Amino acid sequence: HLTIRISGADVGRVTVAPGDRAVTRIPVAATRLGPDPKVVVTIAVDRTFVPASLPGAASGDTRELGVRVYDAYFDAP
């Protein structure tokens, strides 16, 4: 699961299956963005993994990974 937060407040949750690729739209009211010119958007996952720690892995990759986001943007209707 991943959670989208704006300035610390949850605005959406998405369930992502391993290997799944999807386009997800999360409507966010302009009022949730606040008055500041800069908005902090956080994408948080509930579970991560380290490739080097997987059973039978021949990887030296010790990064803690969760979900890959290819593109994220805000669009006004």
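**Close-up views of a predicted model**

**View 1. Strand 1 and strand 2 pair in the antiparallel sense, over 5 bridges.** Two strands count as paired if DSSP finds at least two bridges between them. Strands (E, at least two residues) are DSSP runs numbered from the N terminus. Arg 5 has Asp 10, in strand 2, as its bridge partner. The model is predicted, with local features needing pLDDT of at least 70 and side-chain atom pairs pLDDT 80 or more, while totals for chains, interfaces and linings use all residues. Residues are numbered from 1 along each chain as its sequence is written, and side-chain values use heavy atoms, without hydrogens and water.

**View 2. Three strands form an open sheet in the order 2-1-3, with antiparallel pairing.** Strand 2 and strand 3 (41–45) are the edge strands, each pairing on one side only. Strands of a sheet pair through backbone hydrogen bonds.

**View 3. The largest nonpolar core has 5 residues: Leu 2, Ile 4, Ile 6, Val 11 and Val 14.** Such a core is a set of buried Ala, Val, Leu, Ile, Met, Phe, Trp, Tyr and Cys residues joined through side-chain atoms within 4.5 Å; buried means under 20% relative accessible area (1.4 Å probe, protein chains only). Two or more residues come from each of strand 1 (2–6) and strand 2 (9–14), and strand 1 gives the most, with 3 residues.

**View 4. What does Ile 4 touch, not counting residues up to four places away in sequence?** Its contacts (heavy atoms within 4.5 Å) are Ala 9, Asp 10, Val 11, Gly 12, Ile 26, Val 41, Thr 42 and Ile 43.

Methods:
Buried means under 20% relative accessible area, exposed over 50%, partly exposed in between (1.4 Å probe, protein chains only). Helices (H or I, at least four residues) and strands (E, at least two) are DSSP runs, numbered from the N terminus.
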